[in-house]
Amino acid sequence: MSVLPCFSKILEKLMYKRIVKFLDKQNILSESQYGFGKKRSTNLAILELVTKISKAIDDNEFTMGVFLDLSKAFDTVDHFILLQKLEHYGIRGVALDWFKNYLTGRTQFVKYKTTNSNSLSIKCGVPKGSVLV
């Protein structure tokens with residue numbers, strides 16, 4: 001189990017705000033990316049979808065949707081790949097070192113009643129309780 005103390009959550013929130021500001025300033029996120037940038041809420045994504053479906057119906061076009069639940073997507077993010085992407089998009093120096101330190105050296109185990117599994121390194125995902133999820 002990997003649970004974060006309150007101080008870590010404060011640092012995460014500060015880093016999150018700085019990263020979002022950087023991504024916004026550098027115009028890195030796509031216009032189709034919702035939920036992270038300013039004025040790009042998931043509600044806006046729903047509104048845009050409804051608008052497109054309404055227009056298609058008005059134009060006598062067929063509509064089809066494929067919906068994916070990506071709520072657990074962060075659980076599958078490989079740390080090595082994430083660090084490479086951060087560096088590619090301009091996160092370097094102290095900021096990149098912070099992410100490396102934050103993600104590496106973490107372990108987890110399973111406890112069932114009185115039995116514990118072996119402790120294994122965490123190579124993907126974010127710690128439980130993270131504000132980055």
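**Notes on the predicted model**

1. D59 has a relative accessibility of 38%, so this residue counts as partly exposed. The cut-offs explain the label: buried means under 20% and exposed means over 50%, with partly exposed in between. The model discussed here is predicted, and the values below should be read with that in mind.

2. D59 also takes part in a salt bridge. Its side chain meets that of K55, with 2.6 Å from N to O. Side chains of opposite charge can pair when their charged atoms come close. How many salt bridges does a search of the whole structure find? The search finds two.

3. The other pairing to look at is between E48 and K52, where the closest N and O atoms are 3.5 Å apart. Both residues belong to helix 2, and because they are four residues apart, about one helical turn separates them. E48 is partly exposed, with a relative accessible area of 32%. K52, in contrast, has a relative accessible area of 55% and is exposed.

4. In overall layout, the protein chain has four helices and four strands. Their order along the sequence is α-α-α-α-β-β-β-β.

5. The overall dimensions deserve a comment. The radius of gyration of the protein chain is 19 Å, whereas a compact globule of 133 residues would have one near 14 Å. Along the principal axes, the C-alpha atoms fill a box of roughly 60 × 40 × 25 Å. As one example of a separation, the C-alpha atoms of D24 and S121 are 33 Å apart, and these residues are 97 residues apart along the chain. D24 itself is found in helix 1 and is partly exposed, at 44% relative accessibility.

6. Burial and contacts can be stated for the chain as a whole. Of the 133 residues, 19% are buried. The accessible surface comes to about 10,900 Å², and carbon and sulfur atoms hold 60% of that area. Among contacts with a separation of 6 or more, 50% involve residues 24 or more positions apart.

7. Which residues make up the largest nonpolar core? There are ten in all: M15, I19, L23, L83, L86, I91, L96, F99, Y102 and L103. Helix 4 gives the most, with four residues. M15, one of the core residues, touches W98 and F99 when residues up to four places away in sequence are not counted.

8. F7, I10, L11 and L14 make a nonpolar patch of about 410 Å². One of them, L14, is placed in helix 1, which covers residues 6–25.

9. Two asparagines have backbone angles to check. N27 has a phi near 55°, a positive value in a residue other than glycine. N27 lies in the loop between helix 1 and helix 2 (42–58), and at 60% relative accessibility it counts as exposed. N60 likewise is not a glycine but has a positive phi, of about 55°. N60 is in the loop between helix 2 and helix 3, and its relative accessible area of 73% makes it exposed.

Key:
Residues numbered from 1 in each chain as written. Predicted model: local features only at pLDDT ≥ 70, side-chain atom pairs only at ≥ 80, totals over all residues. Heavy atoms only, no water. Patch = residues over 30% accessible without salt bridge, like charges linked within 9 Å, V, L, I, M, F, W, Y side chains within 5 Å. Areas by Shrake-Rupley, 256 points an atom, 1.4 Å probe, with all protein chains shown as cover. Salt bridge = Lys/Arg side-chain N within 4 Å of Asp/Glu carboxyl O. Core = buried A, V, L, I, M, F, W, Y, C linked by side-chain atoms within 4.5 Å. Buried < 20%, exposed > 50% of the residue type's maximum accessible area, 1.4 Å probe, protein only. Contact = heavy atoms within 4.5 Å. Rg over C-alpha atoms; globule rule 2.2 N^0.38 Å.
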